[in-house]
Amino acid sequence: METYIARQPMLNNDQKLAAYELLYYQDRETLYNPHDVSVANAIVQFFNQLDGSNFSEGREVFLTFSPNLLMQNIPRVFDPHKLVIQIGDDVLVHPVAKMIIQRYHKQGYRLAIVGFQFNDRYFGILPLTDIIKVDFSNPLSKDIETCIGIARKFGKQTAAFNVNSAEARATAIQYGCDYIQGQNVAEMVKSQVRHMEHLQSSFFRLMAAVTREEPDLEEIAQLIELDVTLTFSLLRMVNSAYFSMPNRVKDVKQALTILGLGQLKQWIYLLSFTPDEGLSDELIKTSFQRGSLCQELSQFVPEFPVSRAEAYLLGMFSTLEALLEVPIEDALRELPISDIVKNGLVAGEGKCGALLRICIAYEQGEWNLMRREAEALQLPTGLVAQKYLETVEYVNSIWSDLMRPLDDGE
């Protein structure tokens, strides 16, 4: 029996990453069978592994539990200060629902009501809860204003979910929601980056140079040295604790030798963007995550039509439309990538398109779509789950070290 788990970022009202909702899946018949403790044990083991990792990067975690798992004390695998237990209607209809909720409330866990409804079940547990999650799938719905009003009246925080459009995001910000989340981080996070003209003069030329069959290190170094920001960022990165260099690196060519062309392709993408201060960097992290996952999974797809390096670009460039705020066709026009990869990105064609859909479906918790596409590519779903977790860990570890401020002595 497979267990799938993904994380969905939750931003605060300032559009900074505040928490993650963990989305998981197991067979529902087994999951809700009160006599089958093997499922509970599997989830405990699974979440115990996550709790000791940087999967959630030390941030608050929102998680929905079935009534059975709540009664089996499964939330106890989490620190009460890091977990928000989400309560849905399936819990509230349970005959001992209020007793269960009271127990976790006394133990110090924060609780969130999902999809608040105007009936006695929801109002009965309102004093025990901390957060009301409001559905923003229709940002014009009058229920939103009513739910926000109730939350404020009772001193509760609000979390906007199903924020799947710019209009919904603007409405959630206008209402001052404490948490904002949607199905696709690209629709949640608006990253202001350098204009297309600048990227054509540095980013595209640099990408073209490093993706040649025989890259010229001299040419790459010259292109980086033309941009003081890229030079500074490259040297800052190579001198970080991640590379543990005994002596400070002060030369671009030396930095490139240490970094290697493989990692350089990954980092150029990050170094070429300059997010405005205060805006979330989650979208750029998503591009690295998708790139790494596409690259890892591509080697297991029979007769995959492009190299692992191109598979990496497939995932990495999937966020370009949102980053540049231009149609994906325009964003890709100057990029030195194959037509197979471009067609996969633009039209979702072929095995490249299918692989990208698997990665996006998994991160959004669309398990049925993920399974269908994985089966079509002959990818075991368990492998997808394993590689997702591994690449999240990989991206988090590198990102946190890169973003670590350098000491004056470094």
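Me: Is Tyr362 buried or exposed?
Reply: Keep in mind that this is a predicted model. Buried means under 20% relative accessible area. Tyr362 has a relative accessible area of 0%, so Tyr362 is buried.

Me: Which kind of aromatic pair do Tyr362 and Tyr388 form?
Reply: Their centres are 4.6 Å apart, with 45 degrees between the planes. Planes under 30 degrees apart would count as stacked and over 60 as edge-to-face, and the rest are tilted. That makes the pair of Tyr362 and Tyr388 tilted.

Me: How many residues apart in sequence are the parts that this pair of Tyr362 and Tyr388 ties together?
Reply: Tyr362 sits in helix H20 (residues 350-363). Tyr388 belongs to helix H22 (residues 381-402). So the pair ties together parts whose separation in sequence is 26 residues.

Me: What kind of pair do the rings of Tyr104 and Tyr109 make?
Reply: Here the centres lie 5.8 Å apart. Planes over 60 degrees apart count as edge-to-face. The planes of Tyr104 and Tyr109 stand at 80 degrees, so this pair is edge-to-face.

Me: How many disulfides does the structure hold?
Reply: A disulfide needs two cysteine sulfur atoms within 2.5 Å. Take Cys359: its nearest cysteine sulfur, that of Cys294, is 3.5 Å away, and Cys359 is in no disulfide. For the structure, the number of disulfides is zero.

Me: What is the angle at which helix H15 and helix H16 pack?
Reply: Helix H15 covers residues 282-298 and helix H16 covers residues 308-316. Their axes are 7 Å apart, and the crossing is right-handed. The packing angle of H15 and H16 is about 145 degrees.

Terms used
Residues numbered from 1 in each chain as written. Predicted model: local features only at pLDDT ≥ 70, side-chain atom pairs only at ≥ 80, totals over all residues. Heavy atoms only, no water. Axes fitted to C-alpha atoms, helices over the stretch in contact; angles between N-to-C directions. Helix = DSSP H or I, 4+ residues; strand = E, 2+ residues; numbered from the N terminus. Left-handed = near helix turned anticlockwise from the far one by under 90°. Phe/Tyr/Trp six-rings, centres within 6.5 Å; stacked < 30°, edge-to-face > 60°. Buried < 20%, exposed > 50% of the residue type's maximum accessible area, 1.4 Å probe, protein only.
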